[in-house]
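Work through the following exercises with the sequence and the coordinates open. Each task is followed by a solution in steps.

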Amino acid sequence: MWFCSLYSGSSGNCLYVGTPKTNILIDAGLSGKKIVSSLKEIGIPPESIDALLITHEHGDHIKGAGIISRMFNIPIFANNNTWEAMSKSIGKVKEENIKVINVDKGFTIGDIDILPYSIPHDAVEPVGYCLGNNGKKISIATDIGHVNEYMINKIQGSNFMLLEANHDVEMLKFGPYPYPLKRRVLSDIGHLSNDDAGKAILNLFRDKQLNVMLGHLSKQNNYPELAYETVVSFLKQNCINIGKDVNLDLASRDNVSNFIEV
Ligand SMILES: [Zn+2]
Ligand SMILES: [Zn+2]
């Protein structure tokens, strides 16, 4: 199975997961043009996308959803509450391309098994996704205010995961965001900090090597180097060997990430 982050961050999210038979996008929070050009960059023809999965209705996840569905006749998968919350913003979608899913109920697209699971975030019914093929598992966990046991159970055993490292708490506290927005981001239904990403990785680590890509970095309240170094130093303090126990990678806000194969 393959993974590539086309864009990841507060300014727009779009992720690719695929196999030689199936191509899936998770979220489409950028213009259709940007999504198409990034897909071309990784050699995936946009017309070969089999499905678009939506995590939640925030603009940085749905901005281009309707556009690419109409352009390439792509079915959109989201739960009922999310459909209701986003339908005005994404515009008209062909009846046959409206696919309703349920939290904790698995479904299959091509040769990829998909499980949407609940995440703590301030949207109507936000989800993360676990994707499986041929005994391998990829998990997507961004836009999470905090990590709970339920989530850990869902994403446990992944061969690869995209995990949110949204902000540095000090940068956020002393940064330019208005107070209510700071409070929202810091709340337990806001976004995961660099420190909390480190703790989550420690919590997830058993004996098997973990492959983690940090993503959904804030433009205002984080730097890629800071996110990476904060997580690395926390894990090292807790006797985790970077490069052996945990492989750590970083998704960029405006460029495609490394192309991952599991
Ligand atoms: Zn969000
Ligand atoms: Zn987001």
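**Exercise 1.** State how the donor residues of the zinc ion (ligand 2) are spaced in sequence, and identify the donor atoms.

Solution. The model is a predicted one.
Step 1: along the chain, the donor residues of the zinc ion (ligand 2) follow the pattern D-H-x81-D-x72-H.
Step 2: the protein donors behind this pattern are D60 (OD), H61 (NE2), D143 (OD) and H216 (NE2), at 2.1 to 2.2 Å from the ion.
Step 3: H61 belongs to helix α2 (residues 59-62), while H216 sits in the loop between β12 (210-215) and α9 (224-237), so this pair ties together parts that are 155 residues apart in sequence.
Step 4: classify the two histidines by accessibility, with buried meaning under 20% relative accessible area. H61 has 1% relative accessibility and therefore counts as buried; H216, with a relative accessible area of 1%, is buried.

**Exercise 2.** Determine the arrangement of the donor atoms around the zinc ion (ligand 2).

Solution. 
Step 1: the 4 donor atoms subtend angles of 92 to 165° at the zinc ion (ligand 2).
Step 2: a tetrahedral assignment requires all angles to lie between 85 and 135 degrees.
Step 3: the range of 92 to 165° makes the arrangement irregular.

**Exercise 3.** Repeat the analysis for the zinc ion (ligand 1), and find which residue bridges the two ions.

Solution. 
Step 1: the protein donors of the zinc ion (ligand 1) are H56 (NE2), H58 (ND1), H121 (NE2) and D143 (OD), lying 2.2 to 2.6 Å from the ion.
Step 2: their spacing along the chain is H-x1-H-x62-H-x21-D.
Step 3: the 4 donor atoms subtend angles of 88 to 176° around the zinc ion (ligand 1), and the arrangement is therefore irregular.
Step 4: D143 coordinates both zinc ions, ligand 1 and ligand 2, which are 3.5 Å apart.
Step 5: H58 lies in the loop between β4 (51-53) and α2, and D143 in the loop between β10 (136-141) and α5 (149-155), so the pair ties together parts that are 85 residues apart in sequence.
Step 6: D143 has 1% relative accessibility and so counts as buried.

**Exercise 4.** Describe the crossing of α8 and α9.

Solution. 
Step 1: the axes of helix α8 (residues 194-204) and α9 come within 8 Å and cross at roughly 40°.
Step 2: α8 and α9 are therefore oblique to each other.
Step 3: their crossing is right-handed.
Step 4: the contacts involve N194, D195, A197, G198, K199, I201 and L202 on the α8 side, and L226, A227, T230, V231, F234 and L235 on the α9 side.

**Exercise 5.** Is Q220 buried, partly exposed or exposed, and which residues does Q220 touch?

Solution. 
Step 1: Q220 is located in the loop between β12 and α9.
Step 2: at 42% relative accessibility, Q220 counts as partly exposed.
Step 3: not counting residues up to four places away in sequence, Q220 touches M171, P176 and Y177.

Terms used: Residues numbered from 1 in each chain as written. Chains lettered and ligands numbered in written order. Predicted model: local features only at pLDDT ≥ 70, side-chain atom pairs only at ≥ 80, totals over all residues. Heavy atoms only, no water. Donors = N, O, S within 2.8 Å, 3.2 Å for Na, K, Ca; no water. Tetrahedral: all angles 85-135°; square planar, octahedral: opposite > 155°, others 65-115°. Helix = DSSP H or I, 4+ residues; strand = E, 2+ residues; numbered from the N terminus. Buried < 20%, exposed > 50% of the residue type's maximum accessible area, 1.4 Å probe, protein only. Axes fitted to C-alpha atoms, helices over the stretch in contact; angles between N-to-C directions. Parallel < 35°, antiparallel > 145°, perpendicular 65-115°, else oblique. Left-handed = near helix turned anticlockwise from the far one by under 90°. Contact = heavy atoms within 4.5 Å.
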